[in-house]
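The sequence and structure are shown first, and the description follows.

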Amino acid sequence: MIAIYPGSFDPITLGHLDIIERGVKLFDRVIVAVLSNPNKTPMFSVEKRLQQIHLCTQHLNNVEIDSFWGLTTEYAKLKKANVLLRGLRVLSDFEKELQMAHTNKTLWSGVETVFLATSKEYSFLSSSVVKEIAQFGGSITHLVPENVSRDITVYYT
Ligand code: PNS
């Protein structure tokens, strides 16, 4: 079974990586799909994000990395994937995630959203938190893969 793990990944964090590493044990293939969103001004370009994800998932052999534009369900159909994988951190994630899962189900009844509880050491972690800490000069080495940490250092120098 193929699962799509869609997201912004701007940038990928250790929390995302945790979901990918556990997802590949559950599915034959996990496609990490970076949304190319024209409404957002990202910290890193889609190409850079793809490279970042590629570098930190090299130890996993059933991961594919790709970008997409448009509806996640359309992209999933294209990739013949019936599962959308998402991480759930805290209760406040639940409302948005449930709404998204229900919306996606109305768009394509053949899709199932599977939630993995984010490991508790990353339950507070988000890309926004990483960017905020980095912006004020705090250390983020315990929050993101090493290659991403280097990219963020370069970004702010
Ligand atoms: O990492 P994020 O920003 O929480 O990911 C959100 C994402 C990309 C999964 C979501 O915004 C999405 O699926 N966008 C694509 C547009 C879409 O399919 N919308 C309908 C479902 S709400």
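N62 is buried, its relative accessible area being 18%; buried means under 20% relative accessible area, exposed over 50%, and partly exposed in between (1.4 Å probe, protein chains only). The model is predicted: local features need pLDDT of at least 70, side-chain atom pairs count only at pLDDT 80 or more, and totals for chains, interfaces and linings use all residues. Residues are numbered from 1 along each chain as its sequence is written, and side-chain values use heavy atoms, with hydrogens and water left out.

N62 belongs to the loop between α2 and β3 (63–68). Helices (H or I, at least four residues) and strands (E, at least two) are DSSP runs, numbered from the N terminus. Leaving aside neighbours within four places in sequence, N62 is in contact with V24, F27, D28, R29 and V30, where contact means heavy atoms within 4.5 Å. The C-alpha atoms of N62 and F9 are separated by 19 Å, and these two residues are 53 residues apart along the chain.

F9 itself is placed in the loop between β1 and α1. Its phi is near 50°, a positive value in a residue other than glycine. The loop between β1 and α1 also holds P11, and a cis peptide bond joins D10 and P11, with omega at about 0°. A positive phi, about 55°, is likewise found at K80, which is not a glycine; K80 is in the loop between α3 and β4.

The table gives the accessibility of selected residues.

| Residue | Relative accessibility | Class |
|---|---|---|
| F9 | 3% | buried |
| K80 | 65% | exposed |
| E97 | 5% | buried |
| L98 | 31% | partly exposed |
| N147 | 8% | buried |

## Helix α4

Helix α4 covers residues 91–107, and its 17 residues should span 24 Å at 1.5 Å a residue; the expected span of a helix is 1.5 Å times one less than its number of residues.

The buried residues of α4 are D93, E97, A101 and N104. They pack against α3 (72–78), β4 (83–88) and β5 (112–117). E97 touches R86, L88 and F115, not counting residues up to four places away in sequence. L98 also lies in helix α4.

## The largest pocket

The largest pocket has a volume of about 1,100 Å³. On a 1 Å grid over the protein atoms alone, a cavity is a set of points where a 1.4 Å probe fits but cannot get out, whereas a pocket is an open set with protein on both sides within 12 Å along at least five of seven lines; lining residues have an atom within 4 Å of a point. Grid points are joined across faces, edges and corners, and a volume is the space filled by probe spheres set on the points.

The largest pocket is lined by 39 residues, of which P6, G7, S8, R86 and K96 are the closest to its centre. Two or more lining residues come from each of β1 (2–7), α1 (14–26), β4, α4 and α5 (127–135). The largest share of this lining, six residues, is contributed by α4. By class, the lining has 14 nonpolar, 16 polar and nine charged residues; Ala, Val, Leu, Ile, Met, Phe, Trp, Tyr, Cys and Pro count as nonpolar, Asp, Glu, Lys and Arg as charged, and the others, Gly among them, as polar.

## The contact of α2 with α6

Two packed helices are described by the angle between their axes and the distance between the axes. Helix α2 (residues 46–56) and helix α6 (residues 146–155) pack at an angle of about 145°, and their axes are 8 Å apart. Axes are lines fitted to C-alpha atoms, for helices over the stretch in contact, and angles run from 0 to 180 degrees between N-to-C directions.

On the α2 side, K48, Q52, L55 and C56 meet N147, V148 and D151 in α6. By class, this contact has three nonpolar, two polar and two charged residues. N147, in helix α6, touches Q52, L55 and C56, not counting residues up to four places away in sequence.
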